[in-house]
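User: I would like to learn how to read the contacts in this structure. Could you take me through them step by step?

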Protein chains: 2
Amino acid sequence: MQNDTCFEQSVHQDRVEKALLEAVTPDQMDRLVRIFKLLSEPTRLKIVLALNSVEMCVCDLAAYLGASQSSVSHQLCNLHNFGLVCRRREGQTVYYSLGDEHVSQLLAIGMAHAQEV
Amino acid sequence: MQNDTCFEQSVHQDRVEKALLEAVTPDQMDRLVRIFKLLSEPTRLKIVLALNSVEMCVCDLAAYLGASQSSVSHQLCNLHNFGLVCRRREGQTVYYSLGDEHVSQLLAIGMAHAQEV
DNA sequence: TGAACATATGAACATATATTCATATATCGA
DNA sequence: TCGATATATGAATATATGTTCATATGTTCA
């Protein structure tokens, strides 16, 4: 549904057009949404925060979180699919760590905002 | 449920304890989750991105998004409750803008990561 | 004060998704 | 190869939440 209560006159066309011009592509939007969504769920965010401190295997994370192995593995899969975490196998164990420096930057800035609210 | 498939031996206690020591408080976790959750939904993210370019009123945003006034107003309320956007009233019109510089920083870093994936 | 317009909001529904359960895959050691 | 252990994954369910609908609130102007 469109502007149900807004009349045309009340819309500032210049502002709308400016926003439209500077809008990111749908593709970029999807990726941006996906990044923030991955960080917006307690289990996944705790995983990412923990990996920001120390490399851990699936069982370590399950113990740390008090969560099931399956749940942790599912979420690690989600995080890995989008490059937020890396993994390396060592025998039967798979160790996870943060994917790139952008992730810890996002955490740092998020924390900064969280503290001052 | 806890570690269903993980045996005690497979857990690196030192790593788990390090993560536990450096863990943020539940309160901080809640706030951090909330920030990322607010940015993780297409309508809200588009709003925030648009406000990063130009101050807009509710009807501007509804027109820009092709969304209903009600939906936009609900989401602006969510964003405002957590300080991600500011508002100022001018007559019947309420103008919204970004809340603080952390928000645009998060967007910038998120975009940087989105582009290289 | 009353009409018109911009915005806000409560309740209900529809959809997305996190967890669980069951099981599959992968690696190591004997 | 077989048993044990660590991890991965498909399907189902339960929960969270975004949108809609209806309506309330707030502001201006005549």
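Analyst: Start with a definition. A polar contact is a pair of N or O atoms within 3.5 Å; within protein, one must be able to donate a hydrogen and the other to accept it. Keep in mind that this is a predicted model.

User: How do I judge the size of an interface?

Analyst: The size is often given as the accessible area lost when the parts come together. Here, chain A and chain B bury about 5,800 Å² between them. Of that area, 68% is on carbon and sulfur atoms. Arg15(A), Phe36(A) and His113(A) lose the most area on the chain A side, together 11% of what that side buries. The contact takes 65 residues from chain A and 65 residues from chain B.

User: What about charges? How many salt bridges cross the interface of chain A and chain B?

Analyst: First the general idea. Side chains of opposite charge can pair when their charged atoms come close. The rule finds two salt bridges across this interface. In one salt bridge, the side chains of Arg15(A) and Glu55(B) meet at 3.5 Å, N to O. Over all chains, the structure holds ten salt bridges.

User: Which residue of chain B forms a salt bridge with Glu55(B)?

Analyst: Arg88(B) does, with the closest N and O atoms 2.7 Å apart. Glu55(B) lies in the loop between helix H3 and strand S1 of chain B, and Arg88(B) in strand S2, so the pair ties together parts that are 33 residues apart in sequence. Glu55(B) is partly exposed at 23% relative accessibility. Arg88(B) is also partly exposed, at 35%. Salt bridges that share partners join Arg15(A), Glu55(B), Arg88(B) and Glu90(B) into one network.

User: Where do Asp27(A) and Arg31(A) lie?

Analyst: Both are in helix H2 of chain A, four residues apart, about one turn of the helix. Asp27(A) is partly exposed at 46% relative accessibility. Arg31(A) is partly exposed at 22%.

User: Now the DNA. Which residues come nearest to DNA strand C?

Analyst: Of the 29 residues around it, Ser10(A), Thr43(A), Ser70(A), Gln92(B) and Tyr96(B) come nearest. Of the atoms of DNA strand C within 4 Å of the protein, 65% belong to sugar or phosphate and the rest to bases.

User: What do individual contacts to DNA strand C look like?

Analyst: Take the phosphates first. A polar side-chain atom of Ser10(A) lies 3.3 Å from a phosphate oxygen of DNA strand C. An N or O atom in the side chain of Arg44(A) is 3.0 Å from a phosphate oxygen. Now a base: an N or O atom in the side chain of His74(B) is 2.9 Å from a base oxygen.

User: Which element gives the largest share of the surface near DNA strand C?

Analyst: H5(B), with five residues. By class, that surface has eight nonpolar, 16 polar and five charged residues.

Methods: Residues numbered from 1 in each chain as written. Chains lettered and ligands numbered in written order. Predicted model: local features only at pLDDT ≥ 70, side-chain atom pairs only at ≥ 80, totals over all residues. Heavy atoms only, no water. Contact = heavy atoms within 4.5 Å. Buried area = accessible area lost by both parts, 1.4 Å probe. Salt bridge = Lys/Arg side-chain N within 4 Å of Asp/Glu carboxyl O. Helix = DSSP H or I, 4+ residues; strand = E, 2+ residues; numbered from the N terminus. Buried < 20%, exposed > 50% of the residue type's maximum accessible area, 1.4 Å probe, protein only. Near = heavy atom within 4 Å. Nonpolar A, V, L, I, M, F, W, Y, C, P; charged D, E, K, R; others polar.
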